[in-house]
Amino acid sequence: MRRYLRVVTAAGVLLMAGSAFAPSAFALDVGVRGMYWGPTISGDVQTVTNGVPGTVLDVKNDLGMKDEDVINGEAFLKAGNFTFRVAYTPLKFNGSSVLSAPIVFDGFTFPAGTPVSSRLETKMIDGDVQWDFINPDFGVASMNLGVFLRLKYVDGSVEISSNNPVLAISATEDFQLPIPEVGVAAGIGFLKNIVRADARVSGMAYSGSHLYEGDAFLSVIPFPFLRLQGGYRFIDLKADENDLKGTLKIKGPYAGIQVAF
């Protein structure tokens with residue numbers, strides 16, 4: 001805990017120090033970005049009830065969860081060398097399987113041979129502030145290199161229900177995770193930014209948990225105010241809380257569209 005707080009504090013000082021170099025007159029850009037993401041999912045989940053650990057369950061092999069497409073988006077405001085972003089990513093994965101061995105989830109025992117349905121649902125809300133400390137313009141080409149702070153709030157639940165009418169069991173474990181992150185952003189543009197390549201990576205590790213994520217994409221402007229994008233995004237989350245432990249990896253390509261003024 002102390003280690004990641006020191007990192008966040010140092011990055012915050014770096015961002016505030018950068019305000020001394022912000023120009024007095026700057027361009028203002030406002031826009032929204034929507035993405036259609038086709039990720040694959042992997043991971044495991046384990047509950048701890050009254051100090052007693054349950055079964056470690058693989059979300060695909062044990063629970064039969066399927067990959068699902070995701071629609072997510074963000075809004076941004078760019079003022080000079082600073083960019084402010086708010087993003088929202090809803091995730092929902094469902095599965096069904098017949099248990100090959102008995103499992104314990106949230107204190108409930110599901111016998112072997114029980115048909116079960118499962119659901120993993122999360123809502124991720126991000127708030128970013130980015131400072132580009134390198135942002136030269138060479139006429140037809142430009143580039144940027146910056147750092148950003150992110151506060152991510154993850155609100156989710158895992159549910160397992162028996163499909164056997166004789167043995168009706170349903171168990172749900174909720175979780176909420178506020179996670180600060182530190183990141184690096186870089187980009188390069190050509191033809192007055194008509195064609196661009198951008199990337200952002202961020203993360204934080206603390207007390208046996210971590211969150212790493214990244215987003216890289218190419219984009220082009222076919223019409224004024226409209227930018228088409230194609231990229232790749234990943235999220236790698238490990239949670240080690242008192243009543244829930246697990247990992248979740250989501251990664252895959254996406255197509256995006258951005259409108260900015």
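Guide: Let's start at D126, which forms a salt bridge with R150, the closest N and O atoms being 3.9 Å apart. That pair links distant parts of the chain, with D126 in strand β9 (residues 115-134) and R150 in strand β10 (residues 141-162), 24 residues apart. A salt bridge here is a side-chain nitrogen of Lys or Arg within 4 Å of a carboxyl oxygen of Asp or Glu. Strands are DSSP runs of E, at least two residues long, numbered from the N terminus.

Before going on, keep in mind that this is a predicted model, where local features need pLDDT of at least 70 and side-chain atom pairs count only at pLDDT 80 or more, while totals for chains, interfaces and linings use all residues. Residues are numbered from 1 along each chain as its sequence is written, and side-chain values use heavy atoms, with hydrogens and water left out.

Back to our pair. D126 counts as buried because its relative accessible area is 5%. R150 is buried as well, at 9% relative accessibility. The cut-offs are under 20% relative accessible area for buried, over 50% for exposed, and partly exposed in between, with a 1.4 Å probe and protein chains only.

One of the pairings to look at is E213 with K152, whose closest N and O atoms are 3.3 Å apart. This pair, too, links distant parts of the chain: E213 sits in strand β13 (residues 209-223) and K152 in strand β10, 61 residues apart. E213 is buried, at 4% relative accessible area, and K152 is buried at 1%. As a reminder of the background, side chains of opposite charge can pair when their charged atoms come close.

Another of interest joins the side chains of R200 and E74, at 3.3 Å from N to O. R200 lies in strand β12 and E74 in strand β5 (residues 70-79), so this pair ties together parts that are 126 residues apart in sequence. R200 and E74 are both buried.

While you're in strand β12, have a look at D198, which is found there too. D198 counts as buried because its relative accessibility is 17%. The side chain of D198 makes a polar contact with the side chain of R196, at 2.7 Å. (A polar contact is a pair of N or O atoms within 3.5 Å; within protein, one must be able to donate a hydrogen and the other to accept it, and residues adjacent in sequence count only if both atoms are side-chain atoms.) If you leave out residues up to four places away in sequence, D198 touches N144, A186, G187, D215, A216 and F217, where contact means heavy atoms within 4.5 Å.

Follow the chain back from β12 and you reach the loop between β11 (170-190) and β12 (195-206), which is where K192 is placed. K192 isn't a glycine, yet its phi is positive, at about 60 degrees. Most residues other than glycine have a negative phi. K192 is exposed, with a relative accessible area of 61%.

There's another positive phi to visit, at N50, with a value near 55 degrees. N50 is in the loop between β2 (40-49) and β3 (52-53), and these two strands form a hairpin with two residues between them. N50 is exposed because its relative accessible area is 79%. The strands β2 and β3 pair in the antiparallel sense over two bridges, and T49 stands opposite V52 in β3. Two strands are said to pair if DSSP finds at least two bridges between them.

Strand β2 has other partners as well. Eight bridges join β2 to strand β15 (residues 244-260), and the two run antiparallel; in β15, the bridge partner of T40 is K251. β2 also pairs in the antiparallel sense with strand β4 (residues 57-58), over two bridges, where D44 stands opposite D58.

One last stop is S100, in the loop between β6 (82-98) and β7 (103-105). S100 is exposed, at 72% relative accessible area. The C-alpha atoms of S100 and P111, eleven residues apart along the chain, are separated by 8.8 Å.

Notes:
Helices (H or I, at least four residues) and strands (E, at least two) are DSSP runs, numbered from the N terminus.
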